[in-house]
Amino acid sequence: MFKTAMIIYNPAAGQNKFHKTMPEVEQLLNQAGYEVTLVSSTKDPKSITKIAFQASNEGWQAIIAAGGDGTVNEVVNGIMRSNKRPVLGILPFGTTNDYARALGFHKDPIEAARQIAERKTMKVDIGKGNEDEYFINNAALGKITEITYAVSEREKKRYGRLAYLFNGLKMLPQLKPVDVRMEFDGETFEGPILLSFINNSHTVGGLESLVRDAKINDGYFDLLILKKVSPARLFSLFLLLKRGTHLQSEDVIYRRVKNVKVAGDTPLNFSYDGVYGGETPYTVECLHQALEVFADQDKLKSMSY
């Protein structure tokens, strides 16, 4: 039974909702038998990763990320770099909360805490990039990925998820194809692309229809490559995306893969779970069921995981 739990929180996430709800969350988890300690991030780069790494090494049984997808990513990196891996929990205080939704967590952090209190867990796949970068939800490649880490906290507080849409529309004129070489499970693609997603779950950037059949614990990424297309064709693909039929387009390559290598003459940005991860070349591999997480089992069954 999990007893010790560290809650690592980003005080800037969720329009400062954390401070209003945390006393109730802490009381709820204490009543469920957890010994809870709260630790805030600092202004130091990757402070959450450092805190999670130290907590893992010290033997904490559970680490709960209280924040958005970026906070979850930093906690995952801290846990995965340790030889001891506590169970991961998520309290969704961010804007999109992609992976919290993929685990069936309620959008209300207090209700999510009730789900954690039930101690139901499962093992999920983790993506590993190059030597020591990890992601739990998705990696993205291309200019459009800058949206996720270019949106300011002020914009997110003011517009919520719409902030990503507004920035995406502004960035569309800058989308230019880049020649790449991508190798995945014995197959090779060479040519110009606009962007690519390497997904663990079905939900990315608030979209539930990008890869509907993606599963979080099957040992495979769901790889999506968007080839070079005209602006008019790109708009048509957005319409297909809303209907969930975009994967059948001749402009899209869709595969279920375990490994991906990306290289090219022109560097392309990589992002992990919405956090800037560097530039190509990159090698990404799927670590099958490498991390135990709290999850709502009943909701996951209805989602066919």
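## Close-up views of a predicted model

**View 1. Asn138 and its neighbours.** Asn138 touches Phe197, Ile198, Asn199, Val204, Ser271, Tyr272 and Asp273, leaving aside residues up to four places away in sequence; here a contact means heavy atoms within 4.5 Å. Asn138 is buried, with a relative accessible area of 7%. Buried stands for under 20% relative accessible area, exposed for over 50%, and partly exposed for what lies in between, using a 1.4 Å probe and protein chains only. Asn138 belongs to strand S7 (residues 138-141), and its bridge partner in strand S9 is Asn199. Helices (H or I, at least four residues) and strands (E, at least two) are DSSP runs, numbered from the N terminus.

A word on reading these views: this is a predicted model, in which local features need pLDDT of at least 70 and side-chain atom pairs count only at pLDDT 80 or more, while totals for chains, interfaces and linings use all residues. Residues are numbered from 1 along each chain as its sequence is written, and side-chain values use heavy atoms, with hydrogens and water left out.

**View 2. Strand S9 and its partners.** Follow S9 (residues 187-199) and you meet S7, joined to it by four bridges in an antiparallel arrangement. Two strands pair if DSSP finds at least two bridges between them. Strand S8 (residues 178-184) also pairs with S9 in the antiparallel sense, over seven bridges, and here Met182 stands opposite Phe189. With strand S10 (residues 221-227), S9 forms six bridges, again antiparallel; Ser196 faces Ile225 of S10 in this pairing. In a regular strand the side chains alternate between the two faces of the sheet.

**View 3. The S8-S9 hairpin and its charged side chains.** Which residue takes a positive phi in the hairpin of S8 and S9? Asp185 does, near 50°, in a hairpin with two residues between the strands. Glu183 forms a salt bridge with Arg181, the closest N and O atoms being 2.9 Å apart. Salt bridges with shared partners link Arg181, Glu183 and Glu190 into one network. A salt bridge is a side-chain nitrogen of Lys or Arg within 4 Å of a carboxyl oxygen of Asp or Glu. Glu183 is partly exposed at 32% relative accessibility, and Arg181 is partly exposed too, at 34%.

View 4. Is helix H5 (residues 109-117) largely enclosed or open? Seven of its nine residues are buried, so H5 is largely enclosed by the rest of the structure. The buried ones are Pro109, Ile110, Ala112, Ala113, Gln115, Ile116 and Ala117. At the N-terminal end, Asp108 caps H5, with a side-chain oxygen 2.9 Å from the backbone nitrogen of Ile110. Just after the helix, Arg119 takes a positive phi of about 60°.

View 5. Glu111 and Arg114 meet through their side chains in a salt bridge (3.3 Å, N to O). The two are about one helical turn apart because they sit three residues from each other in H5. Glu111 is partly exposed, with a relative accessible area of 30%, as is Arg114, at 38%. Another salt bridge brings together the side chains of Glu118 and Lys120 (3.9 Å, N to O).

**View 6. Stepping back to the whole protein.** The secondary structure comes to ten helices and 15 strands. Buried residues make up 53% of the 305 residues, and the structure holds nine salt bridges.

Methods. A polar contact is a pair of N or O atoms within 3.5 Å; within protein, one must be able to donate a hydrogen and the other to accept it, and residues adjacent in sequence count only if both atoms are side-chain atoms.
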